[in-house]
Amino acid sequence: MFHPKVLLLPLLFFHHLLLSVATWHKDNIPAFIPQSTLKLEKPSFSAKPRLDLTTLCDEECAKRETQPTPQDLEENLYYETVYANGTRTLTTVAIENVNETVTSSDWNPNVKKRRKRQIYGLDGRFTIRGKRFVLDYPFSTTVKISTGCTGILVSDRHILTAAHCIHDGKDYVKGAKKLRVGFLTPVKNATQPDRLAVRWVRVKRTQVPKGWIRGPNDISMDYDYALLELRKPHDRPFMLPAVAPSVDDMAGKRIHFSGFDSDRPGELVYRFCSVEDETVHLIYQHCDARPGASGSGVYGRVWDPELKKWQRKIIGIFSGHQWLELNGEHRDYNVAVRFSSLKYAQICYWIKGNHKDCHTK
């Protein structure tokens, strides 16, 4: 369950296990090379959509997530593709030039405990009203997903969203069979000049990493992202994804995202907040959110060494809520999937279709 007022507690047990460099360089991106494509049975599209994803992670879970084998890392990046006609395939991949490793050397389950405290703040969300603002960048990059979630434009044909918006870990959700993406569009109305309607566009295919497809009883937020490809290109500006730097190296040490929260129907909701902590896979934060915001593109201002200026880049996807249990204490956070260099390599390949294009301007 998402909370408009989010419990703030210190993350003591994660100590920046492995974070990307302050600025992202395309020369450091691993080569994501497909090996074989297997045809699978068509999905039954029987799962129920989950708009309020909540997971539980204890000490054993956290250790497992921070100590994958190289084989696990590679297999988690295998991916399924589902086409509009229901055809489904599984693609295996090989990863080359990997500089990213995962270590648990900083893992310390016996950290000194602090006095428990609960700090609640006011709802920090802002409703974006009026076509002048809603259709202006970066808010114009936010789109609706027909299953009830949010997505973000990352090319003239592609949208990133949360995997759980279209797949529950075992099967694709009912609405994914005829998946559509909604664009807020001005409506000519003399009495309501700022009125906006949703223009829906059909999806040509979806791609989900195998790291998400584990089964509904073994859900991990680490790979809760998916890419949708439209049947035809749109004419809106889009935001580029990037390898997430350490939060200490982002402007203001803040993240931002906009979504279609369910408690404000028909409205685009923006928020920003500081990051509590981060791991290789996840961003722990206390940005206020409600169901419907899942799949929002989480962005920050990242230094681009090629352009030599700060730019907004998508560094993750908002997933949901996670309860953490450690040494008998319970902590809860809103969580975003963090784009490591491996995840970025996969997403870039999905968009461009050639891993070599992910190393060029």
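Modeller: Let's start with the term: a disulfide is a pair of cysteine sulfur atoms within 2.5 Å. A search of the whole structure finds three disulfides. This is a predicted model, where local features need pLDDT of at least 70, side-chain atom pairs count only at pLDDT 80 or more, and totals for chains, interfaces and linings use all residues. Residues are numbered from 1 along each chain as its sequence is written, and side-chain values use heavy atoms, with hydrogens and water left out.

Colleague: What makes Cys149 and Cys165 a disulfide?

Modeller: Their S to S distance is 2.1 Å, and the cut-off is within 2.5 Å, so the pair qualifies.

Colleague: Why is that disulfide of Cys149 and Cys165 called left-handed?

Modeller: The torsion about the S-S bond is about -95°, so the disulfide of Cys149 and Cys165 is left-handed.

Colleague: How do you know whether Cys149 is buried or exposed?

Modeller: Buried means under 20% relative accessible area, exposed over 50%, and partly exposed in between (1.4 Å probe, protein chains only). Cys149 has 2%, so Cys149 is buried. Cys165, at 1%, counts as buried too.

Colleague: What about Cys273 and Cys287?

Modeller: Their sulfur atoms are 2.0 Å apart, and they form a disulfide. The S-S torsion is about -100°, so this disulfide is left-handed. Cys273 is buried at 7%, and Cys287 is buried at 1%.

Colleague: And what makes Cys348 and Cys358 a disulfide?

Modeller: Their sulfur atoms lie 2.1 Å apart. The S-S torsion of Cys348 and Cys358 is about -110°, so that disulfide is left-handed. With 5% relative accessible area, Cys348 is buried; Cys358 has 3% and is buried.
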